[in-house]
Every structure is written in C-alpha cells, then in structure tokens.
Amino acid sequence: MAVNMEYIKKLMGWCPICKNTAQQTKQSCSFANLIPVSGKTGNSPEFRTSNVVFRANTTLIFLLFYTGISLLLRYPGDISFFMIGLLLINSCYYFLFLKTLDAAVLVDRFGVHLQAFKLKRLEIPYEEIERVGSYRIEKRSKKMTLLLILGVIFCAFVVYHMAVVEGEWKIPLLLISMLPFILFGERKQKAQFRDLNTQLYIKTRHKKWYELTPYYSLITDETSAAELKSSIERYREGV
C-alpha cells in the first residue's frame with residue numbers, strides 16, 4: 001500500500017525536496033493608478049503631513065502679541081492692573097500657539113488644503129497655482145549661536161539695569177512672564193516636529209486684495225516637501 005502511494009505521488013508530480021509554493025505566490029502589493037484618465041488625474045493617492053509650520057502663523061502671532069504688549073505698556077496703571085493684563089495677553093498667546101500646532105497640509109484631487117493657516121482652513125485650487133518651489137534651510141552656524149548667546153546676556157543685563165538701577169518694573173515683568181512660554185514652546189516643538197529643514201512655497205496666479213504676497217510658505221522636512229511638490233505637480237498636469 002505504501003508503495004502504491006509513493007507511485008501515485010510521483011505520478012501526480014509531487015517532489016519531496018520541493019517547498020510549498022502556494023503561499024509564495026501571495027504578495028502584499030499596493031497599486032495606485034497614476035495615469036491621467038480623460039484629461040483628469042485618476043486614482044492618485046492623497047498625501048497629508050502634519051510635520052509642517054507656516055511662517056504666516058508666526059508673523060501673525062508676533063504682530064498680535066506686539067500690539068497687545070505695546071498697548072499694555074502705554075497704560076499708566078498700577079502693578080495689579082498690569083499683571084492682570086499680562087496674564088490675559090499670555091493666555092491668549094498660549095491659545096494661539098496651541099492652535100498653530102494643528103497645522104497640516106493635504107493634497108488631493110480637489111486642491112491643496114492648508115489647515116490652521118493664519119488660524120483658519122484654506123484651499124488652493126490647482127488652477128490658481130502658478131509655481132511650486134522648495135529649498136533647503138541651512139543649519140544655524142556657530143557664529144549665529146554665539147550671537148544669540150550674547151543677545152540673551154545683553155537682555156539679562158538690560159533687565160537688571162532697569163529693575164535695580166532705574167526702578168522700572170513693567171519691562172522686567174514682561175520678559176520674565178515670557179520665559180515659561182519660551183520653554184514650553186521649545187519643548188512642544190521638539191516633541192511634535194522633526195527635521196524642519198526645507199521650505200516649500202506655492203505661488204498663486206491671482207493675489208487677494210488683503211494678501212501681501214502671492215506666496216504661501218511652509219516649513220517641513222525634506223521628504224514631505226518632495227512628496228508635496230511631486231503630488232501638486234502631478235495633479236496640475238491632470239487638470
């Protein structure tokens with residue numbers, strides 16, 4: 001009986017030294033249709049990244065903070081009202097900073113979507129995009145680091161001189177109140193972002209009346225910048 005079974009196996013093509021190839025034919029593949037269909041981009045994959053910082057957000061928050069502090073320093077009130085105003089300004093500043101951490105960019109077939117750009121959502125249609133470019137941001141040199149340290153030392157000297165020698169208390173309190181925010185912001189950015197070494201800019205054809213420039217600038221990592229640029233150009237070719 002055993003001889004008959006061995007004869008049947010050999011007759012059917014079974015080989016004892018061959019491995020089972022049935023499972024080897026199954027491969028985990030991911031296909032994407034990148035060919036334009038009827039003048040439109042087909043099933044191109046969407047690309048989204050949250051490892052991004054908008055320069056416009058930094059400028060907007062700085063202007064708002066500078067305006068609030070300027071008005072507060074001009075008010076000739078006592079220290080109690082000054083501390084209350086300083087607390088309100090810093091609270092608003094913290095809230096705006098946390099809103100900017102929700103920044104993200106999504107590229108799909110409808111356009112380029114900027115989340116939390118100037119604290120709002122913005123969509124740029126591909127018909128409005130004229131050019132997309134990017135360049136690598138150089139790391140801070142040792143000379144710039146030394147100048148930054150000297151600037152911090154000079155600010156500390158100014159605070160000491162104004163507080164001890166001249167008896168001025170507003171500006172020293174203002175600078176001291178900013179220290180926790182600076183430490184919190186630096187720690188938050190290091191924990192959430194990585195390799196922010198590339199700037200990507202999108203130039204539009206028609207500038208809005210309230211916009212200073214037709215450029216939308218963002219800072220991200222090199223890989224995300226290349227993917228964003230490639231996705232935008234691919235969709236533009238399919239429009």
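Me: With which residue does R136 form a salt bridge?

Reply: A salt bridge is a side-chain nitrogen of Lys or Arg within 4 Å of a carboxyl oxygen of Asp or Glu. Here R136 pairs with E222, and their closest N and O atoms are 2.9 Å apart. The pair links distant parts of the chain, 86 residues apart, with R136 in strand β6 and E222 in helix α6. Helices (H or I, at least four residues) and strands (E, at least two) are DSSP runs numbered from the N terminus. The structure holds 1 salt bridge.

Me: On what kind of model do these values rest?

Reply: This is a predicted model, in which local features need pLDDT of at least 70 and side-chain atom pairs count only at pLDDT 80 or more, while totals for chains, interfaces and linings use all residues. Residues are numbered from 1 along each chain as its sequence is written, and side-chain values use heavy atoms, leaving out hydrogens and water.

Me: Is R136 buried, partly exposed or exposed?

Reply: Buried means under 20% relative accessible area, exposed means over 50%, and partly exposed lies in between (1.4 Å probe, protein chains only). R136 counts as partly exposed because its relative accessibility is 44%. E222, at 49%, also counts as partly exposed.

Me: In what order do the strands of the open sheet stand?

Reply: Two strands pair if DSSP finds at least two bridges between them. In this case 4 strands form an open sheet in the order β2-β8-β7-β6, with antiparallel pairing. β2 (52–54) and β6 stand at the edges with a single partner strand each, so one side of each has no neighbour in the sheet. Neighbouring strands are turned by 25° against each other on average, direction ignored. Axes are lines fitted to C-alpha atoms, for helices over the stretch in contact, and angles run from 0 to 180 degrees between N-to-C directions.

Me: How many bridges join β6 to β7?

Reply: There are 7 bridges between strand β6 (residues 129–136) and β7, and R131 has K203 as its bridge partner in β7. With strand β8 (residues 215–220), β7 pairs over 6 bridges. Strand β7 (residues 198–204) is largely enclosed by the rest of the structure, because 6 of its 7 residues are buried.

Me: Which strands does helix α2 lie across?

Reply: Contact means heavy atoms within 4.5 Å. Helix α2 lies across β2, β7 and β8, and runs at about 45° to β2. Helix α6 (residues 222–238) packs on the sheet and touches β6, β7 and β8, its direction making about 160° with that of β6.
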